[in-house]
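The following note sets out points on strand order, helix packing and ring contacts. Please read them alongside the sequence and coordinates.

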Amino acid sequence: MSDLGRYQDPLTIQRTLHNARSIAIVGLSANELRASYFVGYYLKRHGYRVIPVNPRETEILGEKSYASLLDVPGPVDVVNVFRAPDALPGIARDAVTIGANALWCQFGVINEEGARIAEDGGVTVIMDRCLKIEHARYVGRMHWLGFNTQRITSVRAGLQ
C-alpha cells in the first residue's frame, strides 16, 4: 500500500471514536485469549454496543453473533475488522451496503482494494490501527494499559 498515513489521521480517528455508538467486530473470537475478544470486552466496558460478526459462534460477550454484516439488525456505526487482508474487499462492500460510517481495519489488515471500495461508498477508512489502543490514547487511559506514559518507572532513581 502506497500511503497508509492517509488512513491514520488523528482527527478522523478521534471523530470516529467520539461519534460511534455501535461497533460490529468482524472476526470477533469467543476465545478470551484472542486480541479480538479483548478489544470487544474493552469496548463494551466503555459503553459501546458491541455486535459480534462470526458465523462459527452463536454468542460472544453475551451478545448474539451474526454470520455476516448483512444479518445485523439496526445501525452499525463502525465495522472493526479482525480478518485476513484478502477478506477486506467483501467486508468493505457489506459495510457500504449497511450504511456504516467507518471501516476500521486492525493492525496488519491492509488492503488497497477494500479501502477504495469503502471510500467510494462514502465510508471513512482507518487502517493498520487498533481501535482499543486509539480509544485509550484519546480518552486518556493509556496508563491503565501498561504503555509507557513516562510517568511510572521501576527505576529507583525515578525519572530524569
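At roughly what angle do the axes of helix 1 and helix 5 cross?

1. Basis. This is a predicted model, in which local features need pLDDT of at least 70 and side-chain atom pairs count only at pLDDT 80 or more, while totals for chains, interfaces and linings use all residues. Residues are numbered from 1 along each chain as its sequence is written, and side-chain values use heavy atoms, without hydrogens and water.

2. Helix 1 with helix 5. The axes of helix 1 (residues 10–19) and helix 5 (residues 131–139) cross at roughly 95° and come within 10 Å. Helices here are DSSP runs of H or I with at least four residues, and strands are runs of E with at least two, numbered from the N terminus. Axes are lines fitted to C-alpha atoms, for helices over the stretch in contact, and angles run from 0 to 180 degrees between N-to-C directions. The two helices are therefore roughly perpendicular (65 to 115 degrees; under 35 is roughly parallel, over 145 roughly antiparallel, the rest oblique). Pro10, Ile13, Gln14 and Leu17 of helix 1 make the contact with Leu131, Glu134, His135 and Tyr138 of helix 5 (heavy atoms within 4.5 Å).

3. Helix 2 with helix 5. Helix 2 (residues 35–45) packs on helix 5 at about 35°, the axes being 9 Å apart. Phe38, Val39, Tyr42 and Leu43 of helix 2 touch Leu131, Lys132, His135 and Ala136 of helix 5.

4. Rings. Lys132 also lies over the face of Tyr42, 5.3 Å from the ring centre, and Arg137 lies over the face of Tyr138 at 5.9 Å. The criterion is NZ of Lys or CZ of Arg within 6 Å of the ring centre and within 35 degrees of the ring normal.

5. Helix 3 with helix 4. The axes of helix 3 (residues 88–98) and helix 4 (residues 112–120) lie 8 Å apart at an angle of about 10°; the pair is therefore roughly parallel. Leu88, Pro89, Ala92, Arg93 and Val96 of helix 3 meet Glu113, Gly114, Ile117 and Ala118 of helix 4.

6. An open sheet of 5 strands runs in the order 2-1-5-6-7 with parallel pairing (at least two DSSP bridges between paired strands). Strand 2 (49–53) and strand 7 (124–127) each have a single partner strand, so one side of each is left without a neighbour in the sheet. Strand 1 (residues 22–26) pairs with strand 2 over 5 bridges, and Val53 is the bridge partner of Val26.
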